[in-house]
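Please look over the sequence and the structure before reading on.

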Amino acid sequence: LASAASNGDSLLSATVNYMKLEVFVFYQEWKKAVDLVRKAGNVRLFLSSFFGAVRYTFFEALTYVKAAQSASGWKKRQMKKCALQTIQLIKGWAKNGNVNVVHYLFILEAELAVLDEKNKKAKESFNAAITTSSRNGFLQDRALAHELTGAYFKAQGDDYWGNYHIECSKRCYQEWGCNKKVE
């Protein structure tokens with residue numbers, strides 16, 4: 001990353017930041033993810049593939065929502081506002097026919113519902129995220145959706161469903177080949 005910055009290689013810097021953000025999200029290192037998103041700026045401008053830009057945008061929005069969940073006061077409002085602005089980009093892509101972002105929207109809706117303490121909406125959206133990512137073949141996102149769902153249920157004191165979703169998440173990560181995540 002330092003080499004890319006010193007050489008002025010914006011594409012390489014953006015790609016490295018995108019990859020780092022994905023790792024931070026999958027290992028739920030939300031503080032590092034927020035720091036990276038704030039420091040990196042609008043990485044979408046430099047990513048060469050539409051897929052990379054879309055995926056980065058999802059991770060960015062999720063990072064802001066998770067940051068809002070752990071914040072209070074003006075910081076919480078600021079993080080939620082950033083999340084909502086980023087989610088609008090994804091909604092636009094979905095509205096224009098990109099079906100590959102629908103499961104992202106369900107994950108983000110679920111996490112926003114958690115933030116707003118709307119438990120019924122959170123459960124419905126988590127279930128929709130799992131179903132949609134499964135139907136569309138996004139195994140890594142199904143794993144993430146199960147993991148986030150498990151964490152939600154555990155935080156609600158429901159160990160049965162929490163453990164169920166964590167186990168589903170582990171199976172998905174293993175099937176995806178992400179054995180380090182399961183260890």
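Thr131 is partly exposed, because its relative accessible area is 33% and that class lies between buried (under 20%) and exposed (over 50%), with a 1.4 Å probe and protein chains only. The model is predicted: local features need pLDDT of at least 70, side-chain atom pairs count only at pLDDT 80 or more, and totals for chains, interfaces and linings use all residues. Residues are numbered from 1 along each chain as its sequence is written, and side-chain values use heavy atoms, with hydrogens and water left out.

- Thr131 lies in helix H7; helices here are DSSP runs (H or I, at least four residues), as strands are (E, at least two), numbered from the N terminus.
- From Thr131 to Asn96 the C-alpha distance is 22 Å, and the two are 35 residues apart in sequence.
- Ser125 is also placed in helix H7.
- Ser125 counts as buried, because its relative accessibility is 2%.
- Leaving out residues up to four places away in sequence, Ser125 touches Phe106, Glu109 and Ala110; contact means heavy atoms within 4.5 Å.

**Gln85 in H5**

- Gln85 belongs to helix H5, residues 73–95.
- Gln85 has 48% relative accessibility, so it counts as partly exposed.
- Gln85 and Lys180 are 95 residues apart along the chain, and their C-alpha atoms are separated by 33 Å.

**Positive phi in two loops**

- Gln28 is not a glycine, yet its phi is positive, at about 50 degrees.
- Gln28 sits in the loop between H2 and helix H3 (30–40).
- With a relative accessible area of 25%, Gln28 is partly exposed.
- Glu117, a residue other than glycine, also has a positive phi, near 60 degrees.
- Glu117 is in the loop between helix H6 (102–115) and helix H7 (119–135).
- With a relative accessible area of 67%, Glu117 is exposed.

**H2 against H3**

- H2 and H3 pack with their axes 8 Å apart, at an angle of about 160 degrees.
- H2 is therefore roughly antiparallel to H3.
- Axes are lines fitted to C-alpha atoms, for helices over the stretch in contact, and angles run from 0 to 180 degrees between N-to-C directions.
- Angles over 145 degrees count as roughly antiparallel, under 35 as roughly parallel, 65 to 115 as roughly perpendicular and the rest as oblique.
- The crossing of H2 past H3 is left-handed, meaning that the near helix is turned anticlockwise from the far one by less than a right angle (clockwise is right-handed).
- On the H2 side, Asn17, Lys20, Leu21, Phe24 and Val25 make the contact; they meet Trp30, Lys32, Ala33, Leu36, Val37 and Ala40 in H3.
- This contact of H2 with H3 has eight nonpolar, one polar and two charged residues.
- Nonpolar covers Ala, Val, Leu, Ile, Met, Phe, Trp, Tyr, Cys and Pro; charged covers Asp, Glu, Lys and Arg; the others, Gly among them, count as polar.

**H8 against H9**

- Helix H8 (residues 139–155) packs on helix H9 (residues 159–176) at about 160 degrees, with the axes 7 Å apart.
- H8 and H9 are therefore roughly antiparallel to each other.
- H8 passes H9 in a crossing that is left-handed.
- The contact of H8 with H9 has 11 nonpolar, eight polar and five charged residues.

**Aromatic rings**

- The whole structure holds 10 aromatic pairs.
- Rings of Phe, Tyr and Trp (its six-membered ring) pair if their centres lie within 6.5 Å; planes under 30 degrees apart count as stacked, over 60 as edge-to-face and the rest as tilted.
- Phe26 and Tyr173 form an edge-to-face pair, because their planes are at 80 degrees, with ring centres 5.9 Å apart.
- That pair links distant parts of the chain: Phe26 is in helix H2 (residues 10–26) and Tyr173 in helix H9, 147 residues apart.
- Phe26 and Tyr173 are both buried.
- Phe58 and Phe59 make a tilted pair, with 5.4 Å centre to centre and 45 degrees between the planes.
- Phe58 and Phe59 are buried too.
- A cluster of Phe26, Phe58, Phe59, Tyr104, Tyr173 and Trp176 is linked by ring pairs.
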